[in-house]
Amino acid sequence: MTVESCNSAQEGFSRVPLEEFFDEDEISRTQEDVSTDIIVLTASEQELVNSVFERLRTISPETLVVLADRLADLEKLTVNIAHFPSLKQSQEQGSEIRNVHTLVDALLIRREGDRSLHLPSKAVLGRGFSVAKFHTFAAMEKIATTSAFPEELLKRLRRCCLNLLFTIMAEDVYLNLLDNDTIGIDIRQDIAYELIMLWEHRSDETVIKMAPVLEAVWNARRGLTPAFGTMVGTSELLLLTMAMDDQWCRFISSRMGNEGAAMAMEEFLFGISWEEIQKVKKNISEKKVRAVDGQEAAHILGRPYDAFKPKTDEFEPRDFYLLYSVRRDNARARLRLNLPGPHYTLEDHYMRFILETNKEKQGEKTEP
């Protein structure tokens, strides 16, 4: 099996010729004729890898071999995962029949705590594949940056890294939304099916469509200096929205009247927890001042002022996930303990908006 064989069904697919980087004995030892539905490389990722390899072939052949080896490792990982049953297959376990529909029903059962032991093995193992794939492309991006690759190629690599990151993040968002009983059961069933398809293929069409917006939101947020005036965040929201597309603007106009979504947006904008925002607001009220600057806010919270400055440093998508994971964990804790503050992240609210909008459009199409 080659890196490309997992994608052979895709139209226009072209192989990375690994035989150019390994001898035939090595290839035969690492290849097995096992099919898997996990997509090792999409068509666009394949084209990107080919472009990177073509440049490295002349400037750093030894680096090319290292990257080719990592892609082969990803391939072998999918071979192992393929030994676990497809989530779309029916299985008999004693007197029970398990299939995709019973899996959906199981996912809709609300559970406190970590769900890991209630998830299919393929889902848990596949997440490791997604993380390994992200690391592979992140390594490619760093190599391309230090090797002075053309800016357009660097942009494509960075966009690919973010797409992979958002796909990993989407799994967390889907699981959060499954437990949100304010969402209609029909939408949550759709979410469960979306999640199962993500586990099966490790690629998600909804995320691919959302990725450009999420990337733009993140980049816009990185360039903002929070203005700790009345702590409402109006100026930050205006600056952020000006950089977005129509879909994001519709989300803002339709959901910012929701208290939970507004609080989640506030957390995202200021880059601090809801509890810290309340602390600064209380200080403003007690001192009877109209505003505090970033330096004063940093002093109130006992944080370095650098934390509030716009980021202009090198591309590091892992920072996006770190900040998201802090907001996610805080939101889960508040929900579990019934504490005030946002119970879902901005990403949760945005994904819900997209899914509900898609459902409405489907309903319009089916009406006579």
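User: Hey, is Phe251 buried or exposed?
Analyst: Phe251 is buried, at a relative accessible area of 0%. Buried means under 20% relative accessible area, exposed over 50%, and partly exposed in between (1.4 Å probe, protein chains only). This is a predicted model, where local features need pLDDT of at least 70, side-chain atom pairs count only at pLDDT 80 or more, and totals for chains, interfaces and linings use all residues. Residues are numbered from 1 along each chain as its sequence is written, and side-chain values use heavy atoms, leaving out hydrogens and water.
User: How many aromatic pairs are there?
Analyst: The count is eight aromatic pairs. Rings of Phe, Tyr and Trp (its six-membered ring) pair if their centres lie within 6.5 Å; planes under 30 degrees apart are stacked, over 60 edge-to-face, and the rest tilted.
User: Why is the pair of Phe251 and Phe353 tilted?
Analyst: Their planes are at 55°, so the pair counts as tilted, and the ring centres are 5.5 Å apart.
User: Where do those two sit in the chain?
Analyst: Phe251 is in helix α10 (residues 246-255) and Phe353 in helix α15 (residues 346-366), 102 residues apart, so the pair links distant parts of the chain. Helices are DSSP runs (H or I, at least four residues), numbered from the N terminus.
User: And Phe353, buried or exposed?
Analyst: Phe353 is buried too, with 7% relative accessibility.
User: Which residues form the aromatic cluster?
Analyst: Trp248, Phe251, Tyr350 and Phe353 make up one cluster.
User: New topic: what sits over the ring of Phe149?
Analyst: That's the charged end of Arg55, 6.0 Å from the ring centre. The rule asks for NZ of Lys or CZ of Arg within 6 Å of the ring centre and within 35 degrees of the ring normal.
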